[in-house]
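Student: Could we go through this structure together, starting with the charged side chains and then moving on to whatever else comes up?

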Amino acid sequence: MKPIIKKILIFILIVMLSSVLGLYFHIKNTSDYSITEGTFSDIKGEVKVYRDEKGIPTIIAEYERDLWFAQGYENARDRLWQLEFLRAVAAGELSELIGESLIDSDIYLRTLSMRSIADEKYNYLNAELKDILNQFAAGINTFITDHLHNPPLEFTILGTTPKLWKAQDILSIQGVMARTLSIGALNRELLRVDLAKAVGAEKALELFPIEYQKAADYYLTQNFDTETYSTDVSLLELDKILTMPTYGFDVGSNNWVVSGDKTATGNPILNNDPHLELQTPSIWWQVSLYARDTGFHVEGFALPAVPGVMIGHNEKVSWGVTNTGTDAVDLFYFNTNDNDQYYYNNTWINFENEEIKIKVKDGATVSHTIKRTVYGPVLDPELFGVPEDKAYVMRWTLLEDIPEDQVTRSIIDINRAKNITDIHNALRYWGVPGQNFVFADVDGNIAYQYTGFIPKRMNNTYGVIPQNGSNNGFEHWNGYIDYDDHLYVVNPDKGFFATANQKIDTRENFYITDAYANVYRGERINEVLEADDSITIDDMKTLQDDTKTLYADVILDSFILDTLKAYKFTGDNADTLTTAVKILSEWNRRMDREEIGASLFATFSIYLAEFTYKDNLDKVDTELFPRYAGLAPKALRLSLQDKNNFWFDDVSTTEIESGAEIAIKAFEATIDFLSEEIGVNIQSWQYGEIHEVVFSHVMGESLGFFNEGNKPSDGSAFTVKAAGGTPRWSPEGPVFKQGHGSSLRMIAEVEPSWDNVYGILAPGSSGHLLNKNRADGVEDWIENIYHHWAFEIDFDVTPNFTYKPE
């Protein structure tokens, strides 16, 4: 090799090595974990921060006011990129942060008004709550200004810098949390219309039941053949916006609380595992907070950029949440007059026009006009495919003028609660999104509370389909169901209370929602808790890890398994098919990684739903089944009661098929799929070969190294150990990549010492690439290995960081 070439190569290697090392140390030092103290003007006493082996901070302050500053600072230290991204989502500033591809998303987000409504909600709060928010924001801002020279890697890649926060930015995160948990009601309204147009309202209810009888009766009386519904807003266009890339809060969760009468120690045990989008970093940030002056002492899981603890315990009480599914948003259409006015209450009213400016990264500022009505914002005609002669308006409880909507107040009051009555009173101010709270106190009481503002729909106009806002001359909403009428249960006779997004309030006193989650998780939890009167912490760990699927009982114990066992398969795959039937019949009905039966059942259930319903919908609209597929398990529960059910006939053939024939066809497709995906050797078809979990980063689609996981995982959408959205249908075949599930796990024995509290946070506490605590929870999450929480404070340990006042 010539000396000059050798020198050039050495030079290139040195440059490359320097770049790699520079990047490495940039990432390692971004959050300055090596710095042990700092001086700050926003505090008046000393604050110490201790981090355990998982990187979880315990923050101890002389004064509670300083505690909020330090929580904001430490949250930014661990998660600055996540905070900035959430702030940009709420404000509709993704284009400025990332680029012009997200202009449509920003228009949609500005239409939702999550940031502007936060200004109004800030005014509802008392002076102390405003001060808490401002101190928290000051902590975030101080970290930002101290680290502008060394921001997290995401900012460096994008060439942007984080913005400073206001208290109202913190409040806007409520809107981000509520968006996915609430906006799904719009999808359901539009889908119900299109299903009724395709197969008639009666058959549509078989496909997608309405779980409130009066609302179902109303649906059956509507005429879906009118011009009103033939020119409806395009769900496909709506979905393109609703599925924008954000840190989502997908619907799901388990929580339960068990009375001491049913536990081995005589103390209540509380459990929670919210099922959300599995993200890197996690949507949760674990923290312990203590203030010497007030005795405020709480530990648990906080939401990013939100003061206090959302799920956890203090010295007296513990609490956990799941989503209620409250129908908090309705879609209305109004007649318009040259797009300048809309017809409401027997008169023409001018639209309120808001001119917005959207800054675009490396591009020009985009101007846009958002129209608003007395009911709320108008969906943009171009984005949503709205006909020109109508204005489609979204009415959402988040955007209503409700002074009691003070989620911040609820969180802080819960954190300070002394008993279950205090929590019940605190939840009076929990507005959006609706949540199922279970809670317990050290006096041995357990309780459940249904929270969230439920609109009173007038004249039986239930929010199950879009409604004519220009008709009738009456207010469609007339206030909200009184909080004291919400379901509140104290010390139930059965000794426990469990929720899994299923229907909880069976009184039918008022309309809450049209659809709840499938019942299988809830049924399994209740089955286990009812059977045991000496429950332990280990029993609860096992239940949170439970993979038994009652959905398999419903499908296989119908005529399906007997049909498969009796059928004589022929052809090249006959031996494999026969072996597969034997494995399925002997399967333990657990969705475990090593189970071949789990692979067979999961794949078969997808094809069974497709071959049962898709042909009927394709006959009218080939885009309809892709929108409906995820709801098919509810319909299957009913259809499988009769193998000659209407839906089993394949309308694309001249014969009349039964459920038995559809089952054979689905099973043969199952074998073909698994042979293609894994190989022809059936003994290699373990569930873990197709079912993997990924904790996705918002930039991970293009830069895969930001993601974590990609490892075999257990569970399904129907097991207590939830794998939300898997398996699921796609045109190319079943999809098994798990992107939703237990975003955290917590188990707490409720007694004064709080010695038996355990949790799992995945992927980890830190959001920084290469940080040792960024993904150290992934294996714990997969294997169900819990981290013990130490509530008693050891003041002899050297702090990792000390805040000193100037």
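Predicted model: local features only at pLDDT ≥ 70, side-chain atom pairs only at ≥ 80, totals over all residues.

Student: OK, how many salt bridges does the structure hold?

Tutor: There are 49 salt bridges in the structure. One of them joins the side chains of Arg292 and Glu62, at 3.1 Å from N to O.

Student: Where do Arg292 and Glu62 sit in the chain?

Tutor: Arg292 is in the loop between strand 7 and strand 8, and Glu62 is in the loop between strand 3 and helix 2, so that the pair, 230 residues apart, links distant parts of the chain. Helices (H or I, at least four residues) and strands (E, at least two) are DSSP runs here, numbered from the N terminus.

Student: Which residue does Arg416 form a salt bridge with?

Tutor: Arg416 forms a salt bridge with Glu64, and their closest N and O atoms are 2.6 Å apart. This pair also links distant parts of the chain, with Arg416 in the loop between helix 14 and helix 15 (420-426) and Glu64 in helix 2, 352 residues apart. Arg416 is partly exposed at 28% relative accessibility, whereas Glu64 is buried, with a relative accessible area of 7%.

Student: Which residues are linked in a network of salt bridges?

Tutor: Glu84, Arg87, Glu93, Glu96 and Lys163 are linked in such a network. Within it, the side chains of Arg87 and Glu93 meet at 2.9 Å, N to O, and both of these residues are buried.

Student: Changing topic: which residues touch the most other members in the largest nonpolar core?

Tutor: A nonpolar core is a set of buried Ala, Val, Leu, Ile, Met, Phe, Trp, Tyr and Cys residues joined through side-chain atoms within 4.5 Å. In the largest one, which has 140 residues, Trp165, Trp284, Met310, Trp319, Trp396 and Tyr803 touch the most other members. Helix 2 (residues 64-91) contributes the largest share of this core, 14 residues. A second, separate core has 80 residues, including Leu207, Leu577, Ala666 and Ile671.

Student: What about the sheet, how many strands form it?

Tutor: The open sheet is formed by 11 strands in the order 1-30-2-3-7-8-9-10-17-18-22, with mixed pairing, where two strands pair if DSSP finds at least two bridges between them. Strand 1 (37-40) and strand 22 (488-490) are at the edges with a single partner strand each, so one side of each has no neighbour in the sheet.

Student: Which strands does helix 14 lie across?

Tutor: Helix 14 (residues 407-415) lies across strand 8, strand 9, strand 10 and strand 17 (435-441), and runs at about 145° to strand 10. Such angles run from 0 to 180 degrees between N-to-C directions, and axes are lines fitted to C-alpha atoms, for helices over the stretch in contact. Helix 14 is largely enclosed by the rest of the structure, because seven of its nine residues are buried, among them Val407, Ile411 and Ile414.

Student: Last one: at what angle do helix 16 and helix 18 pack?

Tutor: Helix 16 (residues 520-530) and helix 18 (residues 550-566) pack at about 110°, and their axes are 8 Å apart. The two helices are therefore roughly perpendicular to each other, a label that covers 65 to 115 degrees, with under 35 counted as roughly parallel, over 145 as roughly antiparallel and the rest as oblique. Tyr520, Glu523 and Arg524 of helix 16 make the contact with Leu550, Tyr551 and Val554 of helix 18, contact meaning heavy atoms within 4.5 Å.

Definitions and conventions
Residues numbered from 1 in each chain as written. Heavy atoms only, no water. Buried < 20%, exposed > 50% of the residue type's maximum accessible area, 1.4 Å probe, protein only. Salt bridge = Lys/Arg side-chain N within 4 Å of Asp/Glu carboxyl O.
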